[in-house]
Amino acid sequence: MTSDFGPLVLMAVISAGCGSSSAEGVGDTPVRGVDLPTPTGDPIHAVLTHAPEVPPPIGDRQSKNVIVELEVIEKVMPIADGTDYLFWTFGGEVPGKMIRIRQGDSVEFHLQNHPDNRLPHNIDLHAVTGPGGGAASTSTAPGHESVFTFRALNPGVYIYHCATAPVGMHIANGMYGLIVVEPPGGLPPVDREYYVMQGDFYTAEPYGAAGLQTFDMQSAIDEDPTYVVFNGSVGSLVGDSALTAQVGETVRLFVGNGGPNKISSFHVIGEIFDWVYPEGSSTPQPNVQTTLIPAGGASMVEFAVETPGTMILVDHAIFRTFHKGSLGMLNVAGAEVPSVYSGKQDDRLYKGGPREGGAASGEVLTKEQQIEAGHQVYAGVCVACHQADGQGLDGAFPPLAEADYLMADVARSIRIVLEGLQGEITVNGKTYDGVMPSQGNLSDDEIANVLTYVRNSWGNRGNAVAPADVAAARSGH
């Protein structure tokens with residue numbers, strides 16, 4: 001799947017020509033030698049969407065006069081299960097509604113501040129060329145509406161955010177979103193498009209505390225977020241809210257990072273990005289595993305899904321994913337494709353070789369080294385029956401902890417490991433009648449080490465077992 005702003009923009013340059021006419025008329029706004037055609041026809045209203053939904057693609061439509069209406073709403077919403085937060089939003093959710101326009105459009109922007117809000121707000125759109133990205137023209141009190149117009153000069157994927165002082169606090173409360181400016185001719189089609197945006201939140205209360213949480217300025221200044229989440233809350237993209245696709249489809253993600261502080265190391269576990277447009281650039285990079293998205297930046301990633309399963313969206317600053325909330329899911333349905341991914345084919349015992357830096361077979365280990373090496377053997381071979389604490393399973397597998405039967409006869413213990421054991425035995429006054437399979441496939445060193453471990457663990461105190469003793473028992477001497 002290939003897609004590139006660059007060639008599309010070049011086509012626009014050729015079709016517009018320097019001073020020549022085109023299907024849309026002679027350009028009136030020169031940008032680095034490109035004459036953008038004059039917008040034509042009646043004004044249209046932009047379709048805005050809440051994340052993860054995306055507005056319809058622009059396609060090959062001509063430049064237009066576009067009206068965008070965006071309302072600021074201050075409201076309490078969940079940030080985690082059982083935990084609420086007073087968000088400041090563009091459009092009633094976090095992130096703000098996604099805006100999608102065309103390079104060359106003339107945009108009449110209406111910022112509306114709901115009368116029930118308590119604070120003034122404005123908007124800085126990184127797609128705007130002009131003072132404050134529009135912030136200088138949109139300071140808006142509650143119950144008021146501000147209007148300004150800008151020309152979309154550059155294609156790309158851009159952040160917008162509030163820039164009212166204190167700027168960081170407005171952003172930290174959720175005031176950010178994406179505006180996509182498509183090149184002439186639009187983006188090549190894909191099967192699925194989604195809108196995902198990361199943000200970090202700072203509360204006075206710890207992660208997961210119940211009830212309404214409050215913003216903590218000092219944590220924000222210290223850049224120590226309580227939550228780092230996708231689309232405004234923990235779990236916003238999991239379960240019934242997970243993204244979906246079918247095997248064989250192509251997926252495009254518009255990914256933003258509102259910040260205000262943390263860089264996103266965006267990664268989809270189980271996928272490789274066929275194309276990444278770093279920071280919304282027109283020039284893509286192929287075959288990328290993880291892409292950095294700065295605070296106040298955005299990217300576009302594209303990939304095909306070749307196998308079914310759940311692909312996990314993460315910020316690969318991985319403790320944020322599992323302890324602060326930056327985890328989402330893409331559920332891919334369809335038939336298995338064994339040639340791409342087989343799933344688990346086998347699960348077998350692996351006993352390992354000599355540990356690096358340890359003694360090789362035949363070398364003399366100290367008792368402490370034998371105990372350490374024997375612990376590894378026990379964990380791989382014995383723990384399922386005799387348990388990690390050596391207590392066994394009552395009525396089924398005898399205990400090894402403080403076990404009189406084990407400690408009474410070293411030679412017998414070696415024979416049991418080599419040959420197995422069947423029939424009744426009495427351990428610590430209780431009768432067990434089971435079957436222990438032979439572990440004669442273990443080396444002399446491994447048997448000596450594991451017996452040394454169990455004879456010196458869980459209250460047992462005994463001498464080390466020598467590999468030579470095991471070799472003698474194996475040979476019948």
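User: How many aromatic pairs does a search of the whole structure find?

Analyst: The search finds 13 aromatic pairs; do keep in mind that this is a predicted model. Planes over 60 degrees apart count as edge-to-face. Tyr85 belongs to strand 5 and Phe201 to strand 12, so this pair links distant parts of the chain, 116 residues apart.

User: Is Tyr85 buried or exposed?

Analyst: Buried means under 20% relative accessible area. Tyr85 has 1% relative accessibility, so Tyr85 counts as buried. Phe201 is buried too, at 0%.

User: What about Phe109 and Phe148: how are the planes of their rings set?

Analyst: Their planes are at 40 degrees and their centres 5.9 Å apart, so the pair is tilted. Phe109 sits in strand 7 and Phe148 in strand 9, 39 residues apart. Both Phe109 and Phe148 are buried.

User: Now strands. Which strands are joined to strand 16 by bridges?

Analyst: Strand 12, which holds Phe201, runs parallel to strand 16 and is joined to it by eight bridges. Here Val196 stands opposite Val255. Strand 21 is also joined to strand 16 by eight bridges, but runs antiparallel to it, with Val251 opposite Phe303. Phe303 is also part of an aromatic cluster with Phe230, Phe266 and Phe273.

User: Why is strand 16 described as largely enclosed?

Analyst: Ten of its ten residues are buried, so strand 16 is largely enclosed by the rest of the structure. Both faces are covered: buried residues include Phe254 on one side and Leu253 on the other.

Technical notes. Residues numbered from 1 in each chain as written. Predicted model: local features only at pLDDT ≥ 70, side-chain atom pairs only at ≥ 80, totals over all residues. Heavy atoms only, no water. Buried < 20%, exposed > 50% of the residue type's maximum accessible area, 1.4 Å probe, protein only. Helix = DSSP H or I, 4+ residues; strand = E, 2+ residues; numbered from the N terminus. Pairing = 2+ DSSP bridges. Phe/Tyr/Trp six-rings, centres within 6.5 Å; stacked < 30°, edge-to-face > 60°.
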